[in-house]
Amino acid sequence: MYSLQLKKTLAVSGHQHVMQRSGCASNSYGFVRSSAPSLRSRISKTGLVSVAAPVEISPEEKPVFEGGRKLANAPPFTLQDLRDAIPKECFEKNVFRSFAYLALDVGIVAALAYGAYALNNPLVWPLYWFAQGTMFWALFVVGHDCGHQSFSSNKALNDFVGNVVHSSIMVPYHGWRISHRTHHANHGHVENDESWTPVTKSQLTGMDKLAKLGRLLFPMPLFAYPFYLFNRSPGKNGSHFDPKSDLFVPGEENMIKTSNAFQLGFIGILAACTFALGPMAMFKLYVLPYWMFVVWLDVVTYLHHHGPSDPEEEIPWYRNDEWDYMRGGLSTIDRDYGIFNKIHHDIGTHVVHHLFPQIPHYHLCKATDAVKPVMGEYYREPEPSPGPLPTHLIGPLVRSFGKDHYVDDEGDIVFYKKDPSVSLF
């Protein structure tokens, strides 16, 4: 029943735009047009809809899902409808503005490190680890924009900045960029997605106890990112550092080697700093903030795709003909991170980013406001942060890890199910 498709009795002729694997920049960005044209577009294109003669919908066209699953139904608008609603200036890239954000981030990182090292106070260090880990996450987001080619209009500049910034936080820029491109091109697809893909029933059955706990039991998955870079997710093989990995095509090997060279160069810098300042100093200055950054990355990216604020709502995952680019993107979730929204460059404003990743981070809020009237109920308004700290997100995070364990092996639209065996004992 869940794979039943809505019949399109009023469909007009159109053609499908296929998501291209070659990148996310505006000059190479593609998408899949929804097969259900909006009422507005049907009026404008056909002129056949009359106010005096309302459209009749047959019983077969009624939504398949209700209640907490209703947003799994095909939306009544197209990706082009959303694109048309976004002001043109939201797609404009300002390299000077991008560098200003980067310079501010780097300046804060340097000031925090200098201040903590100079004070060397046991009461200050924990505050430093949290603050610096947060800034490492902000640097990641700048490199993230480089990967989407939204930092500037110059690809060579974007890739250079991305390599420098990401290597400083132990992320292989090109390896990550390519797998992240795969994630965007297949978001919401059970098998083809790349980030936080759901474990299927058969995969869960084949996992040993340690693998289950590491992937599914809170809070262990919040430390998973470095392991993902080397091993990917359950059911997938390959390393982000290996030019021969299945993640990449042969023409991308040199890019992976380039990022590895940047990474080795930064490891050399860390070794020199360790020699000059001592291992314990570097452990406090870099290693502990790095793990705070990992937690930030895993929390935010997990909440992009899991744990809606409404406990009754369930996020759909798609297969086969039920999946398309827009429906996958609409399954993502916007979040309010309180004081951290601007610190980490509005990465919580995620739905529009997933659908139009060429929009720079500093235009995401404006673009989101523009598409809300078109999306209607398909836009999940983020729950407001109760204060500067987004403590309201703890509930959805813990709740999701407590019940979102696996999806069925079959079915074109599936939802998470709970596995009671996911526990320490």
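Buried means under 20% relative accessible area, exposed means over 50%, and partly exposed is in between (1.4 Å probe, protein chains only). This is a predicted model, where local features need pLDDT of at least 70, side-chain atom pairs count only at pLDDT 80 or more, and totals for chains, interfaces and linings use all residues. Residues are numbered from 1 along each chain as its sequence is written, and side-chain values use heavy atoms, with hydrogens and water left out.

Q: How many aromatic pairs does a search of the whole structure find?
A: Rings of Phe, Tyr and Trp (its six-membered ring) pair if their centres lie within 6.5 Å; planes under 30 degrees apart are stacked, over 60 edge-to-face, and the rest tilted. Searching the whole structure with that rule gives 28.

Q: Is Y362 buried or exposed?
A: Y362 stacks with Y101, at 6.0 Å centre to centre and 10 degrees between the planes. Y101 has 25% relative accessibility, so it's partly exposed. Y362 has 11%, so it counts as buried.

Q: Why is the pair of Y302 and F401 stacked?
A: Both Y302 and F401 are buried. Their ring centres are 4.1 Å apart, and the pair counts as stacked because the planes sit at 10 degrees.

Q: The charged end of which residue sits over the ring of F91?
A: A charge sits over a ring if NZ of Lys or CZ of Arg is within 6 Å of the ring centre and within 35 degrees of the ring normal. For F91, the charged end is 3.7 Å from the ring centre, and it belongs to R83.
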